[in-house]
Amino acid sequence: MSLSAILLFIIILLVLVIVHEFGHFIVAKLTGMRVDEFAFGFPPRLFGKKFGETFYAINLIPLGGYVSIFGENGSEEDKKQHGATHHPRAFGNRPWWAQLLVLMAGVTMNMLLAFVIFVGISYGEVNMSVNDPIYGSRVHDASIVTTEVVKESPAFKAGIIAGSKITRVTNGNFVADLSNVDSFISFVVAHQNTPFTITYISTENQKNSTTIAAVYGIVPDKKALGIAVDKIGTADITALEAISLGYERTLYTTQDTFTGILSVFAAAFKGDNAIKSLSGPVGIAKIVGERSEYGYTAVLTLVAALSINLAIFNILPLPALDGGRIVVVLIETISRKKVPFK
């Protein structure tokens with residue numbers, strides 16, 4: 001894993017954490033709570049400075065962050081040492097709706113960040129498939145483009161990556177018709193027993209040629225090069241259309257993420273090894289490095305997806321997460337009794 005991939009991962013994590021915690025921070029301030037600390041990373045502390053009543057800190061371990069709101073723990077020690085029992089600005093002494101707003105603010109900011117990113121990358125000249133049901137008829141300058149490359153496939157080993165624009169395919173005697181995807185696929189199937197010379201333009205706008213041969217083992221019962229393709233060009237998207245596209249992409253990504261998380265819990269309930277389907281910091285950093293090769297749009301798409309993942313995970317009704325604390329506030333509001341700290 002390259003140093004640039006690690007640095008990019010830390011920057012992305014920094015953005016996601018700051019956006020999430022800023023939501024808690026600003027809503028706590030607006031609802032009259034006292035915020036004692038706003039920190040990125042986990043201790044030990046590298047440096048920090050106090051402005052007003054809040055201490056801002058940068059900590060050594062860049063795998064998260066936190067906002068410390070006065071009296072939020074509700075422990076007896078907190079009450080005795082810091083006088084939060086009756087203090088009007090303590091978290092537990094603010095109205096129930098203010099507590100809920102603060103707890104929901106982090107998740108809301110992460111969803112908003114994803115929406116803004118999706119709107120931003122959907123505005124202006126946007127790469128679009130000619131088969132798009134709404135904007136496909138407006139696509140111009142379309143070419144056959146690789147949308148996916150299977151790892152360890154002939155195409156992958158030859159250096160072809162997702163986003164490469166295929167300009168010519170020949171096996172020496174015949175040249176593929178690249179006017180549409182179906183004719184390209186038909187050519188590959190009809191000439192699968194001979195090597196292909198593929199000329200393509202990389203995502204860095206460099207023209208390359210490589211010779212590869214289709215092999216078995218990628219798709220069932222037939223040879224393949226290991227690529228998925230689509231005919232993609234550019235379409236001019238207005239600001240209003242970008243907002244609509246951004247909303248749709250946010251909605252679809254949220255649905256897919258929620259479904260994925262449910263499948264992990266379902267697998268765990270059945271006794272399957274659900275942990276193997278999850279990516280830790282190292283796995284995510286590796287994905288960030290791979291996406292960075294495909295350009296800024298791919299990286300921003302990943303940031304939006306991670307932001308939605310963070311939002312959905314935090315809203316789960318589990319202890320120590322925002323969702324778990326929301327459940328406690330709702331129970332206290334309905335029962336009109338404080339839930340014991342222990």
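## Helix α6 and Thr 250

Helices here are DSSP runs of H or I with at least four residues, numbered from the N terminus. One of them is α6, residues 239-270, and Thr 250 sits in it. Keep in mind that this is a predicted model.

Thr 250 is buried because its relative accessible area is 9%, and the cut-off for buried is under 20%. Its side chain reaches back to the backbone oxygen of Gly 246, at 2.7 Å. If you skip the neighbours within four places in sequence, Thr 250 touches Met 111, Ala 114, Phe 115, Phe 118 and Ile 308.

## Helix α8

Ile 308 also turns up among the buried residues of α8. Others on that list include Val 299, Leu 302, Val 303, Leu 306, Ala 311 and Ile 312, along with Ser 307 and Asn 314.

How far apart are the end C-alpha atoms of α8? They are 29 Å apart, which agrees with the 28 Å that 20 residues (296-315) should span at 1.5 Å a residue.

## Ile 12, across from Val 299

Over in helix α1 (residues 3-30) you'll find Ile 12. Ile 12 has a relative accessible area of 6%, so it counts as buried. Ile 12 and Val 299 are 287 residues apart in sequence, yet their C-alpha atoms are 9.3 Å apart in space.

## A nonpolar patch on the surface

Now for the outside. Phe 42, Leu 46, Phe 47, Leu 60, Ile 61 and Leu 63 make up a nonpolar surface patch, with about 570 Å² of accessible area together. Strands β1 (35-51) and β2 (54-69) each give two or more residues to the patch.

Phe 42 belongs to β1. Its relative accessibility is 33%, so Phe 42 counts as partly exposed.

Terms used
Residues numbered from 1 in each chain as written. Predicted model: local features only at pLDDT ≥ 70, side-chain atom pairs only at ≥ 80, totals over all residues. Heavy atoms only, no water. Expected span 1.5 Å × (residues − 1). Buried < 20%, exposed > 50% of the residue type's maximum accessible area, 1.4 Å probe, protein only. Patch = residues over 30% accessible without salt bridge, like charges linked within 9 Å, V, L, I, M, F, W, Y side chains within 5 Å. Areas by Shrake-Rupley, 256 points an atom, 1.4 Å probe, with all protein chains shown as cover. Salt bridge = Lys/Arg side-chain N within 4 Å of Asp/Glu carboxyl O. Polar contact = N/O pair within 3.5 Å; in protein donor to acceptor, adjacent residues only side chain to side chain. Contact = heavy atoms within 4.5 Å.
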